[in-house]
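I opened my notebook on a structure that was new to me. Here is what I looked up, entry by entry.

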Amino acid sequence: MKKYSIVRIGSEYVVQAGETSILKVSSRREAAKLVTDAAELLQQGPQSSEDEQPSIEREAPEAS
């Protein structure tokens, strides 16, 4: 997992993953919550979608 940091630039906060800036928000609290949420999602890993059916079926094209 990458190292996340929050940097204040002017009146905004920038979330960084390593050396890459990935998100700009207006409050430090919001930035911290987003970093926590992202870290939790990364720990869960990918979900297996082999058994899942699509939630929206694709419609057959209409013949003209």
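**Salt bridges**

I started with charged pairs: Lys-24 forms a salt bridge with Glu-12, and their closest N and O atoms are 3.6 Å apart. Lys-24 belongs to strand 3 and Glu-12 to strand 2, so the pair ties together parts that are 12 residues apart in sequence. My cut-off for a salt bridge was a side-chain nitrogen of Lys or Arg within 4 Å of a carboxyl oxygen of Asp or Glu.

A note on what I am reading: this is a predicted model, where local features need pLDDT of at least 70 and side-chain atom pairs count only at pLDDT 80 or more, while totals for chains, interfaces and linings use all residues. Residues are numbered from 1 along each chain as its sequence is written, and side-chain values use heavy atoms, with hydrogens and water left out.

How many salt bridges does a search of the whole structure find? I got 2. The other entry I wrote down is Asp-37 with Lys-33, with the closest N and O atoms 3.0 Å apart. Both residues sit in helix 1, 4 residues apart, about one turn of the helix.

I checked accessibility too (buried is under 20% relative accessible area, exposed over 50%, partly exposed in between, with a 1.4 Å probe and protein chains only). Lys-24 is exposed at 53%, and Glu-12 is partly exposed at 33%. Lys-33 is exposed at 51%, and Asp-37 is partly exposed at 29%.

**Strands**

I took helices (H or I, at least four residues) and strands (E, at least two) as DSSP runs, numbered from the N terminus. Strands count as paired if DSSP finds at least two bridges between them.

Strand 1 and strand 2 pair antiparallel over 6 bridges, with Ser-5 opposite Gln-16 in strand 2. Their hairpin has 2 residues between the strands, and Gly-10 in the turn has a positive phi of about 65°.

Strand 2 and strand 3 also run antiparallel, joined by 5 bridges. Here I found Gln-16 opposite Ser-21 in strand 3. This hairpin has 2 residues between its strands, and Gly-18 takes a positive phi near 65°.

**Helix 1**

Which residues of helix 1 are buried? I listed Ala-31, Val-35 and Ala-39.

The face turned away carries the exposed Arg-29, Lys-33, Leu-41 and Gln-44.
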